[in-house]
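Here is a note for a colleague who has not looked at this structure before. Please read the points with the model open beside you.

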Amino acid sequence: MGTPYQVEANGELYTVVDDVTTFYWAVITGVASDEIFGTVTAPGFAVTVNRTDLGTKATATGLYAITGYPTQSFPQLATTSYVVDYVLSAPGYRDLPMVVTIPVNATFPVSAPAAAMRLLPVQIQGRVVSSITRLPISGAKIASIDPATPPAVHPTVLRSPVYFAHANGATAQEVSTATIGSAALTQDVVGGDQVLNLSTRTGLAAGSVVCLTYASGVRLEYGVVDHLGPGAAATPGQVFLRSALNCSYPMASTTVTFVSVTPVGGAATLSNDANAGDGVLLASQLFSQAVAIEFGGMLAEVHEVGALTGVDGYYALDGMGRVQEIMFKASQGALNQTVDWFVEYDQPFNIVDFRL
């Protein structure tokens, strides 16, 4: 028991004896940064921890603390370490899961590891027209290129964002594709579908690659087969893919081909991890044609590089992020134009037009 002392309240004098003394601490402290720009400025920055015994404090500049009563939250700390899971979030950023270990006999606060938050990707879109007639140019390709002095990390824009998350150092390889079969859709494909209904599945098996093309290649995706639905391969049936498709493909005007995929040149590696939905691939080389990521594994995927304009001259690139700027080149035949674009992450749609 503690030493008695007196407290006056509402005209009364009370004798008080403290039964127990507790301390409310900042048990974990940390700071979040912006992966690209360094400093976070986000009024909605927050920390979420799935423990009712722990509280949180956060500032708009990324400083944060997880608070609590150490003796209650970590009662066996003299002999046991604890793990605290929490999530950093802010408007315009991807949620960032964090894991911090509270070591045995920890001295509080425990410092959290570095936390670089990742801005949500945006769409870059625009139109390619003739510099002479101002009429739209169809079939023009818009791709990323390196500046005169190439960087150590090369950003390649993809026609369709990646389906899976891939670790830093994962293999990436330029590939050539060749048609080895074809089929027709027997049912429309809606973005997010993972099952194709085809007129024939002859030649397909687990690991095979199918290509869906719409509007002369403006919309194009490769899918890796996981397994076939019931029935003979030569009959109409279902083909289950390992990942859901990003776009929709109407039955009447979509071309479906079965393709072989052959590596070209040397293998490269990702220079940073990739999130599902990224349309910019950061790698040890710039890719100029179709690229396969982790090909041969369960996370294998294939993507075309760059966008194509439609008959109206318009193009769009989804999942644009991970970099401060991208150098684009629009080309058709001998005509070309280069634009160095600083990505405006506060705008969901960035407009980049070209005149060839």
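1. Start with Tyr 345. This is a predicted model, and in it Tyr 345 is buried, with a relative accessible area of 15%. The cut-off for buried is under 20%, so Tyr 345 falls on the buried side.

2. Which ring pairs with Tyr 345? The partner is Phe 37. The two rings sit edge-to-face, with 6.3 Å centre to centre and 80° between the planes. Phe 37 is partly exposed, at a relative accessible area of 42%.

3. Phe 37 belongs to the loop between strand S3 (25-34) and strand S4 (46-49). Tyr 345 belongs to the loop between strand S27 (335-342) and strand S28 (349-351). They are 308 residues apart, so the pair links distant parts of the chain.

4. A second pair is tilted. Tyr 315 and Phe 354 lie 6.2 Å centre to centre, with 50° between the planes. Why does this pair tie together separate parts of the chain? Tyr 315 is in strand S25 (residues 314-320) and Phe 354 is in strand S29 (residues 354-355), so the contact joins parts that are 39 residues apart in sequence. Tyr 315 is buried at 4% relative accessibility. Phe 354 is buried too, with a relative accessible area of 1%.

5. How many aromatic pairs does the structure hold? There are 6. Elsewhere, ring pairs link Phe 45, Tyr 64 and Tyr 86 into a cluster. A charged side chain also meets a ring: Arg 219 lies over the face of Tyr 249, at 6.0 Å from the ring centre.

6. Turn to the charges. Side chains of opposite charge can pair when their charged atoms come close. The structure holds 6 salt bridges. In one of them, Arg 118 meets Glu 35, and the closest N and O atoms are 2.8 Å apart. Arg 118 is in the loop between strand S10 (115-117) and strand S11 (122-129), and Glu 35 is in the loop between S3 and S4, so this bridge ties together parts 83 residues apart in sequence. Arg 118 counts as buried, at 12% relative accessibility. Glu 35 counts as partly exposed, at 24%.

7. Glu 35 has another partner. Glu 35 also forms a salt bridge with Arg 322, with the closest N and O atoms 3.2 Å apart. Arg 322 lies in the loop between S25 and strand S26 (325-332). Glu 35 and Arg 322 are 287 residues apart, and their bridge links distant parts of the chain. Arg 322 is buried, at 9% relative accessibility.

8. What about Arg 51 and Asp 53? Their side chains meet in a salt bridge of 2.8 Å, N to O. Arg 51 is partly exposed, with a relative accessible area of 25%. Asp 53 is partly exposed as well, at 32% relative accessibility.

9. Finish with the network. Which residues do shared partners join? Glu 35, Arg 94, Arg 118, Asp 273, Asp 278 and Arg 322 form one network of salt bridges.

Notes: Residues are numbered from 1 along each chain as its sequence is written. This is a predicted model: local features need pLDDT of at least 70, side-chain atom pairs count only at pLDDT 80 or more; totals for chains, interfaces and linings use all residues. Side-chain values use heavy atoms; hydrogens and water are left out. Rings of Phe, Tyr and Trp (its six-membered ring) pair if their centres lie within 6.5 Å; planes under 30 degrees apart count as stacked, over 60 as edge-to-face and the rest as tilted. Helices (H or I, at least four residues) and strands (E, at least two) are DSSP runs, numbered from the N terminus. Buried means under 20% relative accessible area, exposed over 50%, partly exposed in between (1.4 Å probe, protein chains only). A charge sits over a ring if NZ of Lys or CZ of Arg is within 6 Å of the ring centre and within 35 degrees of the ring normal. A salt bridge is a side-chain nitrogen of Lys or Arg within 4 Å of a carboxyl oxygen of Asp or Glu.
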